[in-house]
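Subject: Structure handover

Hello,

Here is the structure we talked about. Please load it first, then read the notes below alongside it.

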Amino acid sequence: GGGMQIRVLYFASLRESLGRSEEICQVSEGISVADLLKVLPLPGGLPVSVAVNQCHASRGMLLREGDEVALLPPMGGG
């Protein structure tokens, strides 16, 4: 039961579209990266890369209290 706090960092175009570079999120314990992405206010349909504590993370990875989750839009193109 209960919840936990994680820190979410937004980069590049995500930061521009959301108007902020980071926020503290209150989430349920044992939430996965995929579930977190569903509750964040991300622009629809945009693929994002996720890093947890500066290491690449898969969608199925479970988050822990105090984790730092960085969201990066795909690099390249243009």
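**Salt bridges**

The count comes to 4 salt bridges. Keep in mind throughout that this is a predicted model.

Start with Arg7. The side chain of Arg7 forms a salt bridge with Glu22, with 2.9 Å between the closest N and O atoms. Glu22 sits in strand S2 and Arg7 in strand S1 (residues 3-10), so this pair ties together parts that are 15 residues apart in sequence. Arg7 also meets Glu68 in a salt bridge, again given as N to O, at 2.9 Å. That pair links distant parts of the chain: Arg7 is in strand S1, Glu68 is in strand S5 (residues 68-72), and they are 61 residues apart. Taken together, Arg7, Glu22 and Glu68 are linked in a network of salt bridges.

How buried or exposed are the members of this network? Arg7 has 30% relative accessibility, so it counts as partly exposed. Glu22 is partly exposed too, because its relative accessible area is 36%. Glu68 is buried, because its value of 18% falls under the 20% cut-off.

One more pair is worth a look. The side chains of Glu23 and Arg20 meet in a salt bridge at 3.2 Å, N to O. Arg20 has a relative accessible area of 32%, so it is partly exposed.

**Strand pairing**

S1 and S2 pair in the antiparallel sense, over 7 bridges. Within that pairing, Met4 stands opposite Val27 in S2. S1 and S5 pair in the parallel sense, over 4 bridges. There, Tyr10 stands opposite Leu71 in S5.

**The core**

Which residues touch the most other members of the largest nonpolar core? They are Val50, Leu63 and Leu71, out of 21 residues in that core. S1, helix H1 (12-18), S2, H2, S3 and S5 are the elements that give two or more residues to this core. The largest share comes from S1, with 4 residues.

Leu71 deserves a click. Leaving aside neighbours within four places in sequence, Leu71 is in contact with Val8, Leu9, Tyr10, Phe11, Leu14, Leu37, Leu40, Leu42, Ser49 and Val50. So that list includes Tyr10, the residue that stands opposite Leu71, and Val50, another of the core residues named above.

**A charge without a partner**

Asp67 lies in the loop between S4 and S5. What is the nearest side chain of opposite charge to Asp67, and how far away is it? It is Arg64, 4.8 Å away. Beyond four places in sequence, Asp67 touches Gln5, Ile6, Arg7, Val52 and Asn53. Note Arg7 in that list; it is the residue bridged to both Glu22 and Glu68.

**Loops to inspect**

Asn53 is one of the contacts of Asp67. Asn53 is found in the loop between strand S3 (49-52) and strand S4 (55-56). Its phi is positive, about 50°, although Asn53 is not a glycine. With 36% relative accessibility, Asn53 counts as partly exposed.

Gln54 lies in that loop between S3 and S4 as well. Gln54 has a positive phi of about 65°, and it is not a glycine either. At 68% relative accessibility, Gln54 counts as exposed, because the value is over 50%.

Last, Ser32. This residue lies in the loop between strand S2 (22-28) and helix H2 (33-39). Is Ser32 buried or exposed? Its relative accessibility is 11%, so Ser32 counts as buried. Leaving out residues up to four places away in sequence, Ser32 touches Arg59, Gly60, Met61, Leu62 and Leu63. Leu63 is also one of the core residues that touch the most other members.

Best regards

Terms used. Residues numbered from 1 in each chain as written. Predicted model: local features only at pLDDT ≥ 70, side-chain atom pairs only at ≥ 80, totals over all residues. Heavy atoms only, no water. Buried < 20%, exposed > 50% of the residue type's maximum accessible area, 1.4 Å probe, protein only. Contact = heavy atoms within 4.5 Å. Pairing = 2+ DSSP bridges. Lys, Arg positive; Asp, Glu negative; His and termini not counted. Core = buried A, V, L, I, M, F, W, Y, C linked by side-chain atoms within 4.5 Å.
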